[in-house]
Amino acid sequence: MRELIKRGLSGLLYISVLLFCIFSSENTFLLLFLFLGLVCLSEYLRLISYRFWHPYLLLIAGLVIFSYYKVNRIATYIYLALTLLTSLYLIRNLIRLKVRRLTRSYKLILTLFYMVGGFVFLTLIPSYQDNFNPEIVAGIFALIWINDSFAFLVGKSIGKRKLFASVSPKKTIEGFLGGLLFAMLGSYFIVKFTDTLDLTVWLVLSIIVSCFGTLGDLIESKFKREAHVKDSGIFLPGHGGLYDRLDSLLFASPFIYLTLLIAHYVS
């Protein structure tokens, strides 16, 4: 019971701080995710045994250049393309059963385009049209929480067929489908209570969040399995590390950003 209370209180505090900063201002939002990014990066670097100081400078530089100053769109699109290519490589690498030997250059590339890129495009989501719109990123977080919660509940109650047993033995196909279904349902209520995007776009985003968020969680699980650890850290009592909480969204964020850009130009 004490562990459940601790988990509930830390989760409530995390969500409260997150929503407060999202709706306060763009600068407050960016400062929060700079802090979260540094913590998450430190946990990730421990997992891949890459103990150097320059990845922190890369994260700070990425957020300042792309998210705060918003350099010209061509540079952003090039960085997005490289981040997406790295993501696709990680998906391909996910199905390989053998343990990877990560070279220093490989670790640096992953850090620059997976971890730093994930935070850059996460922080660009609410301002993909230049004007900061906190409801969009709050809606994305809501979809992530709905998907994760119902994937767990459905998987726990009726899940039988393993989704990816070699990496995450607790995830089931039924749980994944349950999370996807409720995320799509949640997109309807986001449209009802916000004045941001139309239902079609939110439905597509719910599918992107569920599919690529699940892949992001599996990719982090593989990193942890290769590092022989259960949690990435202890930042959130009862929840593990901060990387454990943000892995889904970090991996999905460049795909979400691309979807928003396409929806904007098509409309």
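1. A definition to begin with: buried means under 20% relative accessible area, exposed over 50%, and partly exposed in between (1.4 Å probe, protein chains only). S127 is buried, with a relative accessible area of 4%.

2. Some ground rules. This is a predicted model, where local features need pLDDT of at least 70 and side-chain atom pairs count only at pLDDT 80 or more, while totals for chains, interfaces and linings use all residues. Residues are numbered from 1 along each chain as its sequence is written, and side-chain values use heavy atoms, leaving out hydrogens and water.

3. Back to S127, which lies in the loop between α5 and α6; helices (H or I, at least four residues) and strands (E, at least two) are DSSP runs, numbered from the N terminus. Leaving aside neighbours within four places in sequence, S127 is in contact (heavy atoms within 4.5 Å) with E26, K70 and F132.

4. Of its 71 residues, Y44, F119, F141, F223 and I256 touch the most other members. Elements giving two or more residues to this core include α1 (2-24), α5 (104-124) and α9 (242-266). The most come from α9, with twelve residues.

5. Do look at F119: beyond its neighbours within four places in sequence, its contacts include F33, L59, L63 and L250.

6. Finally, α4: its buried residues include Y79, L84 and N93, and what covers the buried residues of α4 includes α3, α5, β1 (162-164), α8 and α9.

Terms used. A nonpolar core is a set of buried Ala, Val, Leu, Ile, Met, Phe, Trp, Tyr and Cys residues joined through side-chain atoms within 4.5 Å.
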